[in-house]
Amino acid sequence: MNLNVTILIQILAFFAVVWLTMKYIWPHILGAMEEREKKIANGLAAGDRAEKELNQAKAKVDTLIVEAKEQASHIKDQATQMATKIKEQAKNDALAEKERQFSAAKAEIEQEANRAKEALRQQVSALAIAGTEQLLGKEVDANKHADLLDDLIKEI
């Protein structure tokens, strides 16, 4: 065989294979490549969206943390104020109770002192009557001399 004919047949076979490949196989390969390219592009877009959403979520979380810290600080301040008010109220109540008990004790002391004075007056009047009886040598009628005894008690 002739070398030129062989090369010519090989060239024709090559172009036939290239043409068949371009006509029937290449569109499937390009379709698969385009589909893969779209999937990759969609994946990258989804990744970008997810990254944006993540950044937004981080910003929202940071905002919520700041708000929570402010709210906690506000609650702490309110609790401190309430505790101060409760302490002041308890202090005022304790002072009022102390004053009430002091007044009650003072009134009780005065009553006891008045009772003691009255008892002392009665004892002094009894002693005065007894002393007078001994001096006069006769019995003094307390009923007859009640006015004198009352005056004596008032003076004592």
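**View 1. A salt bridge joins the side chains of R115 and E112.** The N to O distance is 2.2 Å; a salt bridge here is a side-chain nitrogen of Lys or Arg within 4 Å of a carboxyl oxygen of Asp or Glu. This is a predicted model, in which local features need pLDDT of at least 70 and side-chain atom pairs count only at pLDDT 80 or more, while totals for chains, interfaces and linings use all residues. Residues are numbered from 1 along each chain as its sequence is written, and side-chain values use heavy atoms, with hydrogens and water left out. R115 and E112 lie three residues apart in helix α1, about one turn of the helix. R115 is partly exposed at a relative accessible area of 46%, and E112 is partly exposed at 42%. For such labels, buried means under 20% relative accessible area, exposed over 50%, and partly exposed in between (1.4 Å probe, protein chains only).

**View 2. R100 and E97 form a salt bridge.** Their closest N and O atoms are 2.4 Å apart. Both residues belong to helix α1, where three residues, about one turn of the helix, separate R100 from E97. R100 has 47% relative accessibility and counts as partly exposed. E97, at 33%, is also partly exposed.

**View 3. E35 and K39 meet through their side chains in a salt bridge.** The N to O distance is 3.7 Å. E35 and K39 are four residues apart in helix α1, which covers residues 3–136, so about one helical turn separates them. E35 is partly exposed, with a relative accessible area of 46%. The structure holds four salt bridges.

**View 4. The rings of F14 and F15.** The count of aromatic pairs comes to one. F14 and F15 form this pair, which is edge-to-face, with 5.8 Å from centre to centre and 65° between the planes. Rings of Phe, Tyr and Trp (its six-membered ring) pair if their centres lie within 6.5 Å; planes under 30 degrees apart count as stacked, over 60 as edge-to-face and the rest as tilted. F14 and F15 are both exposed.

**View 5. The protein has two helices and zero strands.** Helices (H or I, at least four residues) and strands (E, at least two) are DSSP runs, numbered from the N terminus. Of the 156 residues, 3% count as buried. The protein exposes about 14000 Å², and carbon and sulfur atoms supply 61% of that area. Accessible areas come from the Shrake-Rupley method with a 1.4 Å probe; for residues, only the protein chains shown count as cover.
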